[in-house]
Amino acid sequence: MTVDVASIGQSFRVAASELGMCDAAWRFVAEIDAAGGPALVREVRDAHGRAFPVLDAVFARHLAGVRPAVDAAPVAALCHDLKRLVVVGLEAWWLDALVAALPNVELGVLPSGALPGDTARMMSNLPGVTQVGLDRFQRFAGPRSALLTFVYGASGSSAFVLPEWVRAQGPDVRAQFRSFIGWNLLGAPAEVYPRWLIEVPRDQFTDLVDA
Amino acid sequence: MSKHHKHHPHGPPHKRHASSAVTAFIDADALGEALTPWLPAAADREFVLRCVLDEGPAHHRGSNYVLLSLLAKLAQRLGAQAVAPGPQRTFEMRLPPHLEDEIDERAWPVGVPEGVFDVVAPGDPRAAEAMTDCLTDGPPQHAVANVLMAQLLASLLAQVPERP
């Protein structure tokens with residue numbers, strides 16, 4: 001199979017808009033490795049890593065022998081007595097696992113506008129899950145409600161998140177939801193400038209769980 | 001310059017401590033344990049304590065801790081370790097007005113003890129309504145702390161006999 005390295009960025013952008021940046025990066029790296037081995041993985045990372053820091057981090061982890069971990073159990077344990085949960089951002093693998101693990105929790109998803117995709121198509125894969133925007137996500141508020149977002153790397157003091165999270169956990173909202181959960185999909189922060197993402201204090205999460 | 005604006009000759013009128021010093025004395029676990037009779041569910045307790053001890057300006061967090069700790073200590077010394085008997089009013093969260101009607105579970109896990117109002121203004125339900133509004137309005141770090149203090153005071157009052 002011939003791989004056009006230059007066009008992968010555009011393909012990745014489309015895939016990431018509907019699957020999530022981390023989900024798409026793991027799928028891409030598996031295909032690229034199958035087509036050209038580690039040399040091609042390194043070439044694609046070198047070409048597109050700075051534009052897509054989550055791709056960069058995932059490709060680096062793949063080259064180091066890491067494979068994606070999709071275990072919703074630790075997050076589900078934090079949500080076991082919740083009535084409602086709003087997930088800020090969309091990462092299809094992890095979200096699918098979470099939906100399956102929380103059959104009794106009313107779920108809302110607030111898609112990111114950073115890489116806008118076809119939300120109708122995305123939500124059709126999540127039956128029973130409600131799409132919400134920044135104007136309506138507080139409909140899920142309450143003493144047995146939580147907000148969750150995907151974290152793309154965290155250090156001792158910082159975490160990297162989608163821009164919508166900054167508003168979603170604002171000062172007015174922090175007393176409307178019981179918990180603020182981060183699900184860290186990447187371990188350490190990205191090696192390249194984290195474009196698409198926002199650095200926030202780690203301690204704004206009541207719980208930060210490594211995937 | 002009026003005399004009220006003169007600085008004291010031995011130093012500034014109000015030394016401001018660093019935020020870290022203001023909140024360094026907060027021991028949320030200790031206060032949580034002391035408040036267990038009023039907030040028996042651990043998840044509710046953590047949520048309420050986060051709102052009064054971790055959110056808002058540092059001086060409010062510190063003040064909430066000091067006053068709640070003192071009341072809890074007094075309640076412990078007097079054996080007031082239960083929610084006071086009598087009706088409780090639902091204490092609702094502040095939510096965006098355009099969504100209020102769509103949220104079915106919006107009450108804080110601690111209510112307002114109605115008995116305290118009868119102590120302040122006996123037999124005056126209108127005053128009780130107004131006092132409830134005062135205690136529960138404003139930023140959550142104020143309102144939630146107000147209601148918790150009212151709970152502790154109600155329990156304390158229930159332990160202390162009225163004097164003629």
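Contact here means heavy atoms within 4.5 Å of one another. The structure shown in every view is a predicted model.

View 1. Leaving aside residues up to four places away in sequence, A:Ser145 touches A:Leu82, A:Arg84, A:Phe140, A:Phe177, A:Arg178 and A:Ser179. With a relative accessible area of 0%, A:Ser145 is buried, a term that applies to values under 20%. The side chain of A:Ser145 reaches the backbone oxygen of A:Phe140 at 2.6 Å.

**View 2. A:Pro201 in strand E7 of chain A.** Strand E7 comprises residues 198–201, and A:Pro201 lies within that strand. A:Pro201 is classed as partly exposed because its relative accessible area is 44%, a value that falls in the class between 20% and 50%.

View 3. The contact takes 22 residues from domain 1 of chain A and 24 residues from domain 2 of chain A.

**View 4. Polar and charged pairs between domain 1 and domain 2 of chain A.** The count between the two domains is 2 salt bridges, and a salt bridge is formed by the side chains of A:Glu18 and A:Arg121, with an N to O distance of 2.6 Å. Across this interface there are also 11 residue pairs in polar contact, both residues being at pLDDT 80 or more. Helix H1 (8–19), helix H2 (21–48) and helix H3 (53–63) of chain A each supply at least two residues of the side of domain 1 that touches domain 2. By class, the residues of that side of domain 1 divide into 11 nonpolar, 3 polar and 8 charged.

**View 5. The interface of chain A and chain B.** From each partner the contact takes 19 residues, that is, 19 from chain A and 19 from chain B. About 1600 Å² is buried between chain A and chain B, and 52% of this area is on carbon and sulfur atoms. In chain A, the residues that lose the most area to chain B are A:Pro143, A:Ala175 and A:Arg178, which together make up 34% of what that side buries.

**View 6. Salt bridges and contributing strands between chain A and chain B.** There are 5 salt bridges between chain A and chain B; in one of them B:Asp104 pairs with A:Lys83, the closest N and O atoms being 3.7 Å apart. The count of residue pairs in polar contact between these chains, both residues at pLDDT 80 or more, is 9. Strand E4 (142–151) and strand E6 (177–184) are the elements of chain A that give two or more residues to the side touching chain B, and the largest share of that side, 4 residues, comes from E6(A). The side of chain A that touches chain B has 5 nonpolar, 5 polar and 9 charged residues.

How values were computed. Residues are numbered from 1 along each chain as its sequence is written. Chains are lettered from A and ligands numbered from 1 in the order in which they are written. This is a predicted model: local features need pLDDT of at least 70, side-chain atom pairs count only at pLDDT 80 or more; totals for chains, interfaces and linings use all residues. Side-chain values use heavy atoms; hydrogens and water are left out. Buried area is the accessible area (1.4 Å probe) that two parts lose on being put together, summed over both. A salt bridge is a side-chain nitrogen of Lys or Arg within 4 Å of a carboxyl oxygen of Asp or Glu. A polar contact is a pair of N or O atoms within 3.5 Å; within protein, one must be able to donate a hydrogen and the other to accept it, and residues adjacent in sequence count only if both atoms are side-chain atoms. Ala, Val, Leu, Ile, Met, Phe, Trp, Tyr, Cys and Pro count as nonpolar, Asp, Glu, Lys and Arg as charged, and the others, Gly among them, as polar. Buried means under 20% relative accessible area, exposed over 50%, partly exposed in between (1.4 Å probe, protein chains only).
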